[in-house]
Each structure stands twice: as C-alpha cells, then as structure tokens.
Amino acid sequence: MSQKLFRLTLLFVVLAMLMAMFGACGGSKTTTEAPAATEAPAATEAAAPAEAATPAEEATPAEEATPAEEATPAEEATPAEAAAPAEGDNLVGIVLPTRDEPRWLQDQARFEELLGTAGVPVQILFSQGDSAIERTNVESLITQGAKVIILTPQDGTAAAAAAQLARDAGAKVISYDRLILDTDAVDYYVTFDSVAVGEAQGQFLADRAEGEGNPLYLYAGAATDNNAFLFFQGAWNVLQPKIADGTFVIKNSSEAVALQDKAELTHEEMANIIGQVTTNWDFNTAKSLAEANLTAATAEDKGDVFILAPNDGTARSIADVFAADADVSSYLVTGQDAEIASVQYIIDGKQSMTVLKDTRVLAADAIAAATTFLDGGTPEETTTYNNGVIDVPAKPSEVVTVTKDNVKEAIIDSGYWPASDFTGLE
Ligand code: BGC
C-alpha cells in the first residue's frame, strides 16, 4: 500500500469512527433544536414540583437537580458537540443562572415556546448558581459555533470574562435580565425596568401605611446581581420620604436607619444596607434572616408589619416566618416574578403583591435581538445602561403590579398562567 493510500484509508477509518460516535450520541447532543427540546422534559419535571411547592419544599428539587443535571451541560457539551457540524453556524446559545428558582424555568419555557418560530437553532444551558459552570457553558456554546450568546450572569462582574471569551470568538453577547458588568464585551441588554419594579414594591407598601411608626422590614437580593441594587434603589425612592417623615420605622437594618434621611444613596451606601438584609436570592437564607430578625425584635416592633421582599421566592419564605409569629397581627409583603406559587399565595391572602415581568416579552425580545444580530443588523435601542465600562444599548419592558384585586385580569385573562393552575380564583 502506498503511503498516500495508507493515509487516505486512515482518514476514512477515523471519519467512520467519528460518524459512529455521532450516531450514538446524536439524540441528545446535536446543536440543532434537539438539545433545547432534550432539556425540556428535564425542565418540565423540575418546574412542576418547584412551582407547586411551598418555599420549604422548593429547596428540594434544587438539591436533587444538583449533581446530575448541573454538571451535565458543561461536561457533556464538550466532546460530541464540539465536533458538531454546520448547524452551529446560526446557533444561539442561552445561559440561564439556575434551575432552582421557578423564575428561570419560566424563561426556559418561554424560550422553548419560541423555538418553532425563532428560525434558528437554540440551546439552553443552566449555570446552577456557579460562575465557573457559567463560563464552561459559554465556552461550550462557543466551541459549537454559537454566533450569539444570551447570558443571565450569576455574578455580574465575574461574567465579564465569559463575555470577553464570546467577544473574542466573534459572537455577540446579549445580557438577559441581569447586566454583565465591568466589560465592553456586551452588545445589548434585554431587560425590564428594574427601578420601576422596586418603585412598584415601595409604592404598594407606602399606599397602605397610615399614621406613624409602622414597622418596616427590608430585604434585598444578591449583592452580586446588579438588579438587586436597581430594585432597592426603586423601593428606596418611594419609601425613604415615608421613613424620613416617620410613617415607617425600619426594624432590621442599622445601616438603613443611619441613612434614612438621605434620598439618593450611593452604590456603596446601598451595598452596606444590602449587606445587612440580603437574601442572596436564596429561599432558605431569606427564611433564616427573617427568623433572626423576628427573634431580635420586641413585640412592639411587630404588630401590623410592612415587608419589602425582593422577589416571589424570598417573599413566600419570609411571609411564612412572619405568619408564624404570634406577635405579628398582620403583614403586607411584596414580591416579583408572578411565579405560580406566589400567585396562589396572593389568591390565598398570604402574599400581598407581585410584579409581573412578562417573560414571554423578554424571551421574544432576546430572540429578536439575536436574529437581528445574525442578520447583521442592530437591535432597537430605547435607552442605555452603564455597566461600569460602557453604556449598553437596551430596550427595557414595562412591568405590572399584581394584587388580589387584579390577579384574574393580569395573570389569567392575559394568558400568563392558566386558571387551572390555581384554586380559589373568583
Ligand atoms: C431577576 C428576578 C429574580 C432574581 C432572582 C433577578 O435578577 O430580575 O426576576 O427573581 O434575579 O433570581
């Protein structure tokens, strides 16, 4: 056999082996719409218990999901998908922060609803609250040839490196819901008006406080999430004048008390308050913190209380703790995300409000921006958000306050969730 023929034969054998490998793995590992669809059953299973469950139970699916589901995307993506063929040309990679919160399962489901119409292959990976997994997910998507990465950073600053990797590989980076910070490697930001979310929460409490000395308990999101600052800033805009005039008395943050006469807080001042009242977006942390706050409080610090809770998951945890305290005669508690479990809490009078951030709109905006980039265009910009390095072009969406009074109209009639998901709807 000539050397040339030998090389050709060898090449043929290697190719045949590679094709055989693809045949074996292809069902779950090609980069067409299949992987996203493959992810779907897992997500659907996860979504069911999480949404239906009480906060305490919600921690369970999260833990269950951890070893198998989380490690998988990053690891499984590399060998097979790296070699995947031309479908990667238009691939849109989506990296969401965690399966452990119903909020992000909502986004996953909305993206999957769009798959049929998106016209491009999409793959969704989860980072499970870990910036290292997030980075591996981005690397995996880049290796598969993703031309657009839609990323919700676990930690806004830590995600800068992953965004830079995508930029270096020639992919466009869309920050999804949370802003990627301290890098110029962000091309667009799809978001809601997060300051308006905080203002809606603050306004709800302010509108219901009469007289003076109403006990106010403040809670915030994770300090690694830029949104936590925007939500708090919005709430402070509305609550601070009512704290300064004595309508509210802050009961659980000495830092907030020290700053209560200041209308506009610096980032550092907010960080000091958030440092004391952070839930870290974690249901169990929220529960423990609320318990600690009520243990430290006197009976006079309780009574009819007002609670700023940053989102639905933490609101349910905090609400359960306040509801169980004999010295709390009534409580009002805010939230956001219109999670199914919280809509049920609102119907049942256990949570006072939520802010609907329509994930159908957000996912559609993200896919529209991605396809615009793929076509060589520039997505619509109505404002910019400074991420510490650049002003990132963005088009924030409106939010809607949902209470028991408008829950049917805002949630059911709008088609956001079906009536069959709830009991006790009038
Ligand atoms: C999102 C919220 C979500 C929270 C916790 C925020 O960045 O805007 O909708 O509840 O993260 O995941």
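Asp 337 lies in the loop between β9 (328–333) and α13. In this predicted model, Asp 337 has a positive phi of about 115° although it is not a glycine. The chain has 15 helices and 13 strands, and buried residues make up 50% of its 426 residues. Of the contacts between residues at least 6 apart in sequence, 75% join residues at least 24 apart.

**Loop residues and backbone angles**

- Most residues other than glycine have a negative phi.
- Asp 177 sits in the loop between β4 and β5 (188–190), and it is buried, with 24 other C-beta atoms within 10 Å.
- Gly 170, which follows α6, has a positive phi near 85°.
- Pro 121 is found in the loop between α4 (102–118) and β2 (122–126).
- Pro 121 has 24 C-beta neighbours inside 10 Å and therefore counts as buried.
- The C-alpha atoms of Pro 121 and Gly 93 are 8.6 Å apart in space, while the two residues are 28 apart in sequence.

**Helix α6**

- Helix α6 covers residues 159–168, and its buried residues include Ala 159, Ala 160, Ala 162, Ala 163 and Ala 166.
- Viewed down the axis of α6, the buried residues fall within an arc of 160°, so they line one face of the helix.
- The elements against which these buried residues pack are α5 (131–143), β3 (148–151) and β4 (172–176).

**Helices α12 and α13**

- Two packed helices are described by the angle between their axes and the distance between the axes.
- For α12 (residues 312–323) and α13 (residues 340–347), the axes come within 9 Å and cross at roughly 45°.
- This angle makes α12 oblique to α13.
- The crossing of α12 and α13 is left-handed.
- On the α12 side, the contact involves Asp 312, Ala 315, Arg 316 and Ala 319, which meet Ala 341, Ser 342 and Tyr 345 in α13.
- By residue type, the contact of α12 with α13 consists of four nonpolar, one polar and two charged residues.
- The loop that holds Asp 337 runs between β9 and α13.

**Helices α4 and α14**

- The axes of α4 and α14 (residues 359–374) come within 9 Å and cross at roughly 50°.
- α4 and α14 are therefore oblique to each other.
- The crossing of α4 and α14 is right-handed.
- α4 contributes Gln 106, Asp 107, Arg 110, Phe 111, Leu 114 and Ala 118 to the contact, and α14 contributes Thr 359, Arg 360, Leu 362, Ala 363, Ala 364 and Ile 367.
- The residues of the contact of α4 with α14 comprise seven nonpolar, two polar and three charged.
- The loop that holds Pro 121 lies between α4 and β2.

Conventions
Residues numbered from 1 in each chain as written. Predicted model: local features only at pLDDT ≥ 70, side-chain atom pairs only at ≥ 80, totals over all residues. Axes fitted to C-alpha atoms, helices over the stretch in contact; angles between N-to-C directions. Helix = DSSP H or I, 4+ residues; strand = E, 2+ residues; numbered from the N terminus. Parallel < 35°, antiparallel > 145°, perpendicular 65-115°, else oblique. Left-handed = near helix turned anticlockwise from the far one by under 90°. Contact = placed C-beta atoms within 7 Å. Nonpolar A, V, L, I, M, F, W, Y, C, P; charged D, E, K, R; others polar. Buried ≥ 20, exposed ≤ 12 C-beta atoms within 10 Å, placed from the backbone. Arc of directions from axis to C-beta.
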